[in-house]
Amino acid sequence: MSESGINRRDFLKVLGLGGSSLALTGCGNTDIRSGDELIMPNVSPEDFVVPGLSVFYASTCTQCGSACGVMGRVREGRVLKMEGNPQSKISGGKICGLGQAAVQVQYNPDRLTQPMMKVGNGLQPVSWDKAMATLNEKVGPKSGIKGENFAFMTGAMSGHLKVLVQNYLDSLDSKNHFAYEALSPSIGFAANKQVYGVDMPRLHFDKAKLIVSFGSDFLGTGASPVHFAAEYAKFRKAPRGTLVQIEPKMTMTGANADRWIAIIPGTEGIFALGVANQLLKHSEFTNTVPAGIASLVSKYDPETVSQITGVRPELVGHVASLLWEKTPSIVISGASAEGHAHGVQNAVAIQLLNKILGNVGKTIDGQAKSPFPQIAPEAGSFSSLKAMNDAMGGGKLQAVFIHGANPVFTAPSFMGFRDNLRKVPFKVAFVNAADETAQECDLVLPILTAVEEFGSNIAWYQPEGVEITMQQPLMNKLYPDTRSMGDIMLDLVKQRRADEYKNWPDFFSYLKAAVINMKPAVKYTDTDEHFWYDTLSSGVIHIDAPQEQIGDSFAEAALSLPEVQNVQDPKFPFYLVPSERHYFRDGRHANCGWLQESPDPLTTIVWDSWVEIHPKTAASMGIKEGDYLEIASQNGTLKVKAYLFPGIHPDAVSIPLGQGHESLGRFANGVGVNPFTILNPVFEKDTGELAMFGTRVSVKKTSDSEIVVKDEGPVSTQMGRKLVVTLPADVAQLSKEI
Amino acid sequence: MSITNLLNNWSFYRNKRPYRGQYDLNKEYSEYKWAMALDLDICTGCNACTTACYAENNLPVVGKKRFHHGQVMHWIRIERYWDEKMVDFPEQGASFLPMMCQQCEAAPCETVCPVGATSHTNDGLNSQNYHRCIGSRYCSANCPYKVRYFNFWNYPSTAWPAPLPDQLNPDVTVRTKGIMEKCTFCVQRLNEAKSRARTEYRLVRDGEVVPACVQACPTSAITFGNIVDPNSKVAKMWKNQQVDLYKDLQEKDNTVRGYRILEDLRPFPSVMYMERIRDTEA
Amino acid sequence: MSKSHMLALFTDFDEASNAIRELKASNLEGFNIKDVTLKSPIEHPEIEELLGKRPVYVQFFTLFGAIFGGLGGFTFISSSQATFLLQPKGGKPVIPIPPDMVLTYELFILFGVYITVLGFFIGAKLPMKRHKLYNARVSEDQIGILIKADDTAMPAIKDLMTRHKALEIIGEGSK
Amino acid sequence: MINTFEERDVAVEKRFIHKEKDIREDIAWAQINKDVLKSLERPRMLFWVIFIASLALFMVGVSCEIYQYQTGMGVANLDNPHVWGLYIGTFIFWIGMSHSGTLLSAILHIMHADWRKPIYRFAEAMTTFSLMTAGLFVMVHLGRVWQFYYVVAYPNERWTWPNFQSPLVWDATAIFTYLTSSMIFLYIGMIPDLAICRDNATGFRKSFYTFLSLGWMGTDRQWANFRVTYLTVACFLIPLAVSVHSIVATDFAVSQQPGWHITSFPPYFVAGALYSGCAAIITLFIVLRYVFRFEEYMTMPILEKTAKLTFAIAMVWTYLNLVEYSSTWYGDDMYAKQALIYRATGDFAPYWWMMNFLGSVVPFTLAFKRIRNNIPAMLVISILLNVGMWLERWMIVSPTFANGIYPWTWDHDQWPSLVQWGIVAGSFGWFNMLFMLFCKIFPSVSMYEVKEMVYHRSLVRKGTEDATQINPELAVEGGIAS
């Protein structure tokens, strides 16, 4: 046996592997790692592993902030596929493509597999012992670091990990928790706060007969796309609701609208006031708003509105009459209406329509109030990035931790974030892959992916009650030198508060204890252990918490008229619409092959960035598809391929976000451009958030041209074939359908 | 292979054909015929089905260059059409069409395959036998929907850098270069459900098994099931939409939405689409 | 009585045919017209006729081959299809007639040609060893008459050939 | 004065023979042997140059194929709707070329057109070799060529058979039948000549030809069997040739794709095949005539007759082409009409128009006697016609993929890669190589049949001189002696 180079052990390994990778064997692709633990489970399976049978474990998808309950299909100790968890009210058993890609994050070939430390200009691998020793040295109790000199940047956060982060900051006596999301809902929250008194009301699309959406891409990128998609499906069933979308660039939601209206970016509020003006002429609505507001609104007659917004005047009355006819309705605002200097005002003006129509309480009401404020979600904001950037720039910070955010990539270049970060003596990144931010850090710690990790999550949009979605590992950790973020945080907390946390050797035990503490809230009667396992197996803790009351009164002061600078800047004549792709968001998952190859729904472009430009504008400038255009703002220039796209306002150009990575991995690096870099320093006045849609650009055609790689063929219509047939809504008899 | 067999069963061989419920030639009628109903009005074009298909069926990620060359392997693709009468803006949105193998009853691909690598299964699927395929690509040439995807490259050696192969679904083979592949209605799931049902002396229940795209679809726009079972949801929907699997031209009211794509070519597809609705008054 | 061979070569084809005509009429003892073999560089149907009825059977091979190919082909194809029930082809019966006819037709021709050629080899007795009296000039421009006859008749035949201006007369002994 | 039919016949013959003497009837038979056998002798330098060039071209194709075999069909730059490309187009081209040999040897044989005799041998060789080339393309085209034997109906323990409904299986069967039958036909017709070679060869070549000539002695019995066999096989070959290209046409015609699903495709393909074959014969005629100094046998009147035949077939092809266009244009098939418009205006338009020009306009030059008798002009025209016919096959295959039924998958990028071009070029190298080897190993002019031709011409002349001769054609084949 030994002569042939195979011993019994290897033979068994091959046998064990054979079953699962038979498919690969035939293709010469088999990868037998000698002595690897991956081989063993098949020979002597671990508990719950039945070779050949797949088991579904409930967990939570952390690919975006919606916290959908998911199930991981596990076979032979490997997680293979994500499915929706039917017990989750958020996902309803469904899942989006971004969630599917969680397994590609897990098995990503470019994952960071061991701690790295900055040596010279490059990162060098170090052991965990060395890494933790360094951490202790720099921020440990003996380092003498003060609270104000330390900052912890995270992405949007919720659950018990957030508690640990908070506790760690507390132990340092630091208040510098910067929860940063590049695409945060903060402006909308601020507007909602003004109108309803809550951050986020609950939206009942299924109850509405008409949705008028001002740039809200709720099907693609909103608060909870999978949940809203299910609501949308109900909304489209008999009696079929009508969707009107008003936005500068067609989003996926706009593509599904019955009526899509192109509008100059930033003037959505004016349009809403124009509609309000028309509505207030109906006697039923005259007393719904304070007289002061009514008189303010009255100056927005259709002609004026049309002049400002670029929308045909008759459409103002048309939308108003739709709202008049179809009740109950719901009017929502989204990113493209909110991302302006007057974003909150825009959103408030839009929400005014709900108030006039009396939708509050019918299609809009309060979310359930979570009984556990300490684990409540922190949605993140841009202003925290700004605050941290200022602190760094002022040289106040001695050490920063960064987790769940990639600010070097997403911070606009005018902030000089990279340079400011370099001023900080000690930077630590907790990452899955060595992204742009990690490249700048002194210590880069590889943490477990979401499918290897325990955790708890609460979404900031809760469809029904409060749903705490539990995260449990769907498989053993793939790389021995990666660590749980929870464990690291616990270790860090123990640096200073060892006594308080001595009962919990690891994050698992901490989480378990914390979850069991919630038992009373769910009125669970069995033992603690049962509660824990029930929670894990169902994946969700559902709490029937009472709804928050939302404000019904609309203070006159709440509405200040949107100031629209509809001034043409001859140097920068175009509005830049940095569009959020539904599977890319801020670009953190750009290194997944599936997502790169998943065509953009509207342009069907893959593996690239592009600039959408209206065919008419393009024709006037002599631009053809594939021509490289120089899109220049005050803060930078991008060279992007043109794609002629009819669903965009002729005065706007749109570049999708999420691409243009320099250091994320083989699938993302060098693909496309990053429009974050050219954003102008335009800030929302009330919140200080970055006005994403406030940038003006110039467009210059270059002589370069390259073919646009897309799924679409040379024609974009059906060429007379009966492929997608459209039936007028008044002919269809949906109520008779099954 | 004997002449007696031929003579004795001549009328059987001449008359029995794999449609009209005669998939299993040894039975009078078949127990299963998988079919779909796809509501285009609630399909949002979000591509969740496509990604789910990549995950379930070990579809390779081909990369930008090969995608450009049309060598992409998406078994289900979302097509986006603009209205032909569009003036300036697509005021009624876009038309999304998820297009996968239509599992035609009289499949144009089946008859032309020189080696019989694609054929009808007993439950009415249009199957693709990878081992038998020699890569003549005639099936794709004759497919009206162009939903067959050929392995132009040896994807197993390039598409999954380690450790991505760990994600591959062991129930589905990885296809090497030179063979044709296409949507199977997730036949691995169907077979598992069928054998599970058989061990329990019953038929597969409605909704017990669905393909990956159906399972993922956030709006539940796709309904899948056994159309032989009159109580299945899909059978009811087909009946309700007045689409008959075995008719090439449907006689139906103009208010119902069901139709099948390129029906006039008479492939008898097993996927019924339901017309997209637009509120023309909006 | 011993028999021997003799080859007479002619350049003038008319003379050669006259020689055969005369031989046929001569009724020599120990000689039969059936033992005359004509060897020529090109085919001479008119002279062959003089030699009497020497039937060719190739066409019967052809008939057999074609019928066998057609019937056998169809039987083979349809019975193969009848055993290949596992993989029915959408919408078509197990044994579809029109496509099978195409293949039947091809096999009809295939076997027709093959068996015809087989018949040719049998009929022409090919491959065979060359006769020892074969002369290469026969393949060039001369016509040869190979005669098998009793030794007693040989001189008379030789005489006849000489009379008809045979270019050369090669006997078995002369080599 | 012509008073009787007989007199008229004689007058016609006189005019025919004396005005257009397609071969000298006083040519010595030994001279024929000498001239033809000379072509088998040690070749000239030019031969080697061309041979090496062909071999190099073939090796280019082989390396491309090895690369494609190793890497996958993707290197051919085929893509998912556009799954067929030049391989299939060139495959049809070579199959088409093969029809010329059958036309000359079988059809004209039965029609007693004996001017074919000096040129049919190489035409038949062309048939065989172009079929062998076409067969290569079937292999090259397959994604998994190592499994090609699945197409063969061989008995196996799994009881699996090829799908007899598939036109590709018909193709395989038809091509196999045609290839073997035409090889047999070529060989049988060559046996008397092989005997001549045997009689004139020495050394190992003598044993080679002895083996191949099977002991042919030219006996009356052999000739009688030979005559019947040759005629019978010729009778089989004609419908076979027609069926082969009809079946290749059904590859397209039985499919549902626009631009392919056309009833007139089988005759159209057959006409195109004869057309390109005839043009190829003219090319090779001129080359052989020059290289082997066959001026005595491949005479100008024969070239002229071939040219006239080509012209006639070109017009048949043009007619069928127009039938295809007009039936599509006036038909009610949206897809087919769109595909036709695409051919004329889309990405392939330059090639499509060039194909129509070369195939339908250029042959009109053959209407002029001066051009027909101008050898350089004929060489150029014949090559142009074949370029046109090659384009035709490409224009049948590719535009349908690029603009088929389903608009979403209309092609982004259909230009064939260098690998495809390399393999196409390699096929010409392969064919050249085989053909050159053939010409050096086997007599490329049928000696015995030229002799027959000379013999019958001399008979006819004698007959016209004494005014008693009846129809010479009957004398040639019909077995009626004067």
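Start at A:Leu727. It stands opposite B:Ile277, in strand 11 of chain B. Keep in mind that this is a predicted model. The pairing here crosses from one chain to another. Strand 26 of chain A, residues 726-728, is joined to strand 11 of chain B, residues 276-278, by 3 bridges. The two strands run parallel.

Now step back to the whole A–B contact. How many residues of chain A are in contact with chain B? The count is 79, and they meet 71 residues of chain B. Which element of chain A gives the most to that side? Helix 8 of chain A does, residues 225-236, with 6 residues. Sort the chain A side by class and you get 43 nonpolar residues, 20 polar and 16 charged.

Next, chain A itself. It is divided into four pieces: domain 1 (1-44), domain 2 (116-179 + 372-543), domain 3 (186-365) and domain 4 (574-705). Note that domain 2 of chain A comes in two stretches, 116-179 and 372-543.

Look at domains 3 and 4 of chain A. Their centres, taken over C-alpha atoms, are separated by 26 Å. Domain 3 of chain A puts 27 residues into the contact, and domain 4 of chain A puts in 26. Several elements give two or more residues to the domain 3 side, among them helix 7 (186-196), strand 11 (259-262) and helix 15 (343-357) of chain A. What classes of residue are on that side? There are 15 nonpolar, 11 polar and 1 charged.

How confident is the prediction for chain A? The mean pLDDT of chain A is 86, with 91% of its residues at 70 or more. But check the start of the chain. Over residues 1-42 of chain A, pLDDT is below 50. That stretch still has 49 contacts in the model, beyond near neighbours in sequence. A caution applies: where pLDDT is low, the predicted coordinates should not be read in detail.

On to chain C. Its secondary structure comes to 5 helices and 4 strands. From the N terminus on, the order is β-α-β-α-α-α-β-α-β.

How are the strands of chain C arranged? They form an open sheet of 4 strands in the order 2-3-1-4, with antiparallel pairing. At the edges sit strand 2 (31-39) and strand 4 (168-171) of chain C, each pairing on one side only. From one strand to the next, the twist averages 20°.

Zoom in on one pair. Strand 1 of chain C, residues 3-10, is joined to strand 4 of chain C by 4 bridges, and the two run antiparallel. There, C:Ala8 stands opposite C:Ile169. Helix 5 of chain C, residues 154-163, packs on this sheet and touches strands 1, 2, 3 and 4 of chain C. Its direction makes about 5° with that of strand 1 of chain C.

Last, the overall form of chain C. Domain 1 takes 3-53 + 129-171, and domain 2 takes 58-123. Between the centres of these two domains of chain C there are 46 Å, again over C-alpha atoms. The C-alpha atoms of chain C fill a box of roughly 80 × 35 × 30 Å along the principal axes. And the radius of gyration? Chain C has 25 Å, whereas a compact globule of 175 residues would have one near 16 Å.

That's the tour. Over to you.

Notes: Residues are numbered from 1 along each chain as its sequence is written. Chains are lettered from A and ligands numbered from 1 in the order in which they are written. This is a predicted model: local features need pLDDT of at least 70, side-chain atom pairs count only at pLDDT 80 or more; totals for chains, interfaces and linings use all residues. Two residues are in contact if their C-beta atoms, placed from the backbone, lie within 7 Å. Ala, Val, Leu, Ile, Met, Phe, Trp, Tyr, Cys and Pro count as nonpolar, Asp, Glu, Lys and Arg as charged, and the others, Gly among them, as polar. Two strands pair if DSSP finds at least two bridges between them. Axes are lines fitted to C-alpha atoms, for helices over the stretch in contact, and angles run from 0 to 180 degrees between N-to-C directions. Domain bounds come from an automatic or database domain assignment. pLDDT is the predictor's confidence in each residue, from 0 to 100. The radius of gyration is taken over C-alpha atoms; the globule rule is 2.2 Å times the number of residues to the power 0.38.
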